[in-house]
Amino acid sequence: EDKVELAEILASDAAFLSSQGLLDYSLLVGIHRLSPDLDPAARESRLEELAKAGGYSSLDRQKVYFFGVIDVLERYSLRWRVQRLVLRTAYHMALWGRRADGISAMPPAQYADRFRTFMNS
């Protein structure tokens with residue numbers, strides 16, 4: 001259930017960033033470890049509080065994960081287009097043509113698709 005929700009949130013974020021012509025972002029994962037000294041009632045209360053703040057409990061209920069899309073958020077400009085052309089040309093000249101699809105200098109829609117694919121795997 002949480003995995004599906006997270007996948008939907010990330011897909012929505014990636015679609016928004018792509019629609020704005022942005023790329024060069026990453027997923028940040030924060031981990032909050034609960035004190036092992038908490039009694040069961042206090043643990044559940046703390047887990048509920050952290051869930052309201054956007055956290056996701058681990059299966060063992062010892063940790064809470066927070067996720068966010070971060071980074072420079074650059075526009076796909078002429079500089080990115082030139083970088084893509086140069087890198088793809090270099091890969092093909094070095095006979096690594098098949099690897100050229102993995103370079104990060106790509107149009108926002110392709111970047112978003114790669115981000116979603118990686119997050120769902």
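Buried means under 20% relative accessible area, exposed over 50%, and partly exposed in between, using a 1.4 Å probe on protein chains only. With that in hand, welcome to this predicted model, where local features need pLDDT of at least 70, side-chain atom pairs count only at pLDDT 80 or more, and totals for chains, interfaces and linings use all residues. Residues are numbered from 1 along each chain as its sequence is written, and side-chain values use heavy atoms, leaving out hydrogens and water.

**Helix α1**

- The face of α1 turned away from its buried side carries the exposed residues E8 and S19.
- Buried in α1 are L6, L10, A14, L17 and S18.
- These buried residues line one face of the helix, because they fall within an arc of 100 degrees seen down the axis of α1 (the arc is that of the directions from the helix axis to the C-beta atoms).
- Just after α1, G21 takes a positive phi of about 75 degrees.
- Helices (H or I, at least four residues) and strands (E, at least two) are DSSP runs, numbered from the N terminus.

**Aromatic pairs**

- The structure holds 3 aromatic pairs, counting rings of Phe, Tyr and Trp (its six-membered ring) with centres within 6.5 Å; planes under 30 degrees apart are stacked, over 60 edge-to-face and the rest tilted.
- The rings of Y25 and F115 are edge-to-face, because their planes stand at 75 degrees, with centres 5.1 Å apart.
- This pair links distant parts of the chain, 90 residues apart: Y25 lies in strand β1 (residues 22-33) and F115 in helix α4 (residues 108-120).
- Y25 is buried at a relative accessible area of 2%, and F115 is buried at 8%.
- Y25, Y111 and F115 form one aromatic cluster.
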